[in-house]
Amino acid sequence: MKLSEIKEILPALDNVEFQLENGTFVPEHFHVTEVGQIIKNFIDCGGVIRNEKVVNFQLWNADDYQHRLKPGKLLSIIKLSEEKLGIEDHDIEVEYQDITIGKYDLGFNGKNFILLSKQTACLAKDQCGIPSDTSKVNVSQLNVDNTNSCTPGGGCC
């Protein structure tokens, strides 16, 4: 989700709720402690120099049980960040502390913002010797020849 998308969604909401993909909700007394833009300059394993920019939200679960972040307040934090920091319209990455600090992509299911798990990936697969087209096979669909199958007491193991 891009920053422009969350800015369009927030005015229509009564509450700001974040939920993990497993259905667990971020406690409703969370704080957004940071809104910023992260610029990552790096070189991949194939030697290509890359640049990435993301808008970063940091969620913090405080012991402030009376706190509830309202959509208008989050929108004003975003607008202040754009004004003061020159944040651009990039994808949002959310930092949230579970067991350790996790980084998530952001989605929306029509009611709640969803923290979507991120995955690592090789950006230079053609340089790593990883086959680019591997077929996945469902084991249950394999045609098995049962005449040579191993059975208990059959001596094949």
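Before I turn to the residues, a word on accessibility: buried means under 20% relative accessible area, exposed means over 50%, and partly exposed lies in between, with a 1.4 Å probe and protein chains only. What you see above is a predicted model, in which local features need pLDDT of at least 70 and side-chain atom pairs count only at pLDDT 80 or more, while totals for chains, interfaces and linings use all residues. Residues are numbered from 1 along each chain as its sequence is written, and side-chain values use heavy atoms, with hydrogens and water left out.

Let me begin with the salt bridges, each being a side-chain nitrogen of Lys or Arg within 4 Å of a carboxyl oxygen of Asp or Glu. In general, side chains of opposite charge can pair when their charged atoms come close. By this rule the model has 9 salt bridges, and Glu93, Lys103, Asp105 and Lys118 are linked in a network of them.

Glu93 counts as buried at 8% relative accessibility, whereas Lys103 is partly exposed at 44%. Lys118, for its part, forms a salt bridge with Asp105, where the closest N and O atoms are 3.1 Å apart. Here Lys118 is partly exposed at 34%, and Asp105 is likewise partly exposed at 31%.

Now, which residues lie nearest the centre of the largest pocket? They are Lys40, Glu52, Glu93, Lys118 and Gln119, out of 19 lining residues. A pocket, on a 1 Å grid over the protein atoms alone, is an open set of points where a 1.4 Å probe fits, with protein on both sides within 12 Å along at least five of seven lines, and lining residues have an atom within 4 Å of a point. The lining of the largest pocket divides into 7 nonpolar, 3 polar and 9 charged residues, where Asp, Glu, Lys and Arg count as charged, Ala, Val, Leu, Ile, Met, Phe, Trp, Tyr, Cys and Pro as nonpolar, and the others, Gly among them, as polar.

Finally, Gln58 sits in strand 3, which covers residues 49-61. Leaving aside neighbours within four places in sequence, Gln58 is in contact (heavy atoms within 4.5 Å) with His31, Val32, Thr33, Glu34 and Glu95.

Notes:
Helices (H or I, at least four residues) and strands (E, at least two) are DSSP runs, numbered from the N terminus.
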